[in-house]
Amino acid sequence: MDSLLTYISIAAMMVVIPGADTMLLVKNTLSYGPKAGRYTVLGMVTGLSFWTLIAILGLSVVIAKSVILFSTIKYLGAAYLIYLGIKSFFAKSAFSLKEIQAQANAPANSSSRHNKESFMQALLSNVLNPKTVLVYITIMPQFIDLNGNVNQQLIVLASILTLLAVLWFLTLVYVIDYAKKWLNNSKFQKAFQKSTGLILVSFGIKTGV
């Protein structure tokens, strides 16, 4: 029981620490709304399920021992993350109040396309992430009793990791969406503009506010 609690603590820490998944979730939720954020979480879960299946089949150990295969996955994952970063940098949309309003009024077919893109981005990001392999072959085995059903224990440990990830990232989606609505509130915008104007005036800068 103590070892299981220790694993849950370690798994929770790994999930909460910001990484590629967190950045992707924030980007998609801010740009396309909470539904796209939830599709991003679904993509993450699908990616984790993929590696769970790989681990059960014993292929994760093979990947880890093969320098060429592991390096291939590593560099493909890095290249994909760089691609997402460049795509976001040159995208026409920006995280502004006006853009948030425009996304809220976007056509339904556009929303569907963004949801699919969010899912695929999260899926590929997880499948091409070699760190996920290391979790399955370095951390999980420490909490597996070789005298018991290894695959069954592996499924339980992977399910705990997945559940923690889902709870954490869905919470992030809610918080991000709530913050976005708050920032989009007209009263907040007016208060923000006035406060900004007062700050500029205090520095001797004229403003039209």
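Predicted model: local features only at pLDDT ≥ 70, side-chain atom pairs only at ≥ 80, totals over all residues.
Biologist: How many helices and strands does the protein have?

Modeller: The secondary structure comes to 10 helices and 0 strands. Read along the sequence, the pattern is α-α-α-α-α-α-α-α-α-α.

Biologist: What do the totals say about burial and surface?

Modeller: Of the 209 residues, 33% count as buried. The protein exposes about 13000 Å², and carbon and sulfur atoms supply 69% of it. As for contacts with a separation of 6 or more, 77% join residues 24 or more positions apart.

Biologist: Why is the pair R113 and E117 called a salt bridge?

Modeller: The rule asks for a side-chain nitrogen of Lys or Arg within 4 Å of a carboxyl oxygen of Asp or Glu. R113 and E117 give 3.2 Å, N to O. That distance is within 4 Å, so the pair is a salt bridge. A search of the whole structure finds 1 salt bridge.

Biologist: Where do R113 and E117 lie?

Modeller: Both are in helix α7, residues 108-127. They are 4 residues apart, about one turn of the helix.

Biologist: Which residues are in contact with S118, leaving aside its neighbours within four places in sequence?

Modeller: They are N28, Y32, A36, Y39 and T40.

Biologist: Y32 is on that list. What is its setting?

Modeller: Y32 is found in helix α2. Its relative accessible area is 23%, so Y32 counts as partly exposed.

Biologist: What makes D177 buried?

Modeller: D177 has 11% relative accessibility, under the 20% limit, so D177 counts as buried. The place of D177 is in helix α9. Leaving aside its neighbours within four places in sequence, D177 is in contact with T29 and P34. D177 and P34 are 143 residues apart along the chain, yet their C-alpha atoms are separated by 6.0 Å.

Biologist: Why is the aromatic pair Y174 and Y178 called stacked?

Modeller: By the rule used here, the count comes to 3 aromatic pairs. For Y174 and Y178, the rings are 6.4 Å apart, centre to centre, with 25 degrees between the planes. Centres must lie within 6.5 Å, and planes under 30 degrees apart count as stacked. Both values pass, so the pair is stacked.

Biologist: Where do Y174 and Y178 lie?

Modeller: Both are in helix α9, residues 150-183, 4 residues apart, about one turn of the helix.

Biologist: How do you know that Y178 is exposed?

Modeller: Y178 has 55% relative accessibility, and exposed means over 50%, so Y178 counts as exposed. Both Y174 and Y178 are exposed.

Biologist: Which residues form the nonpolar patch on the surface with Y178?

Modeller: Y174, V175, W182 and L183 form the patch with Y178. Together, these residues have about 580 Å² of accessible area.

Biologist: What makes up the largest nonpolar core?

Modeller: The largest nonpolar core has 29 residues. Those with the most contacts inside it are Y7, L25, Y136, M140, L161 and F169. The elements that give two or more residues are α1 (2-16), α2 (20-32), α3 (34-56), α8 (130-139) and α9. Helix α9 gives the most, with 9 residues.

Biologist: Which residues are in contact with Y7, leaving aside its neighbours within four places in sequence?

Modeller: Y7 is in contact with M140, F143, L157, A158, I160 and L161.

Technical notes: Residues numbered from 1 in each chain as written. Heavy atoms only, no water. Phe/Tyr/Trp six-rings, centres within 6.5 Å; stacked < 30°, edge-to-face > 60°. Buried < 20%, exposed > 50% of the residue type's maximum accessible area, 1.4 Å probe, protein only. Core = buried A, V, L, I, M, F, W, Y, C linked by side-chain atoms within 4.5 Å. Contact = heavy atoms within 4.5 Å. Patch = residues over 30% accessible without salt bridge, like charges linked within 9 Å, V, L, I, M, F, W, Y side chains within 5 Å. Areas by Shrake-Rupley, 256 points an atom, 1.4 Å probe, with all protein chains shown as cover.
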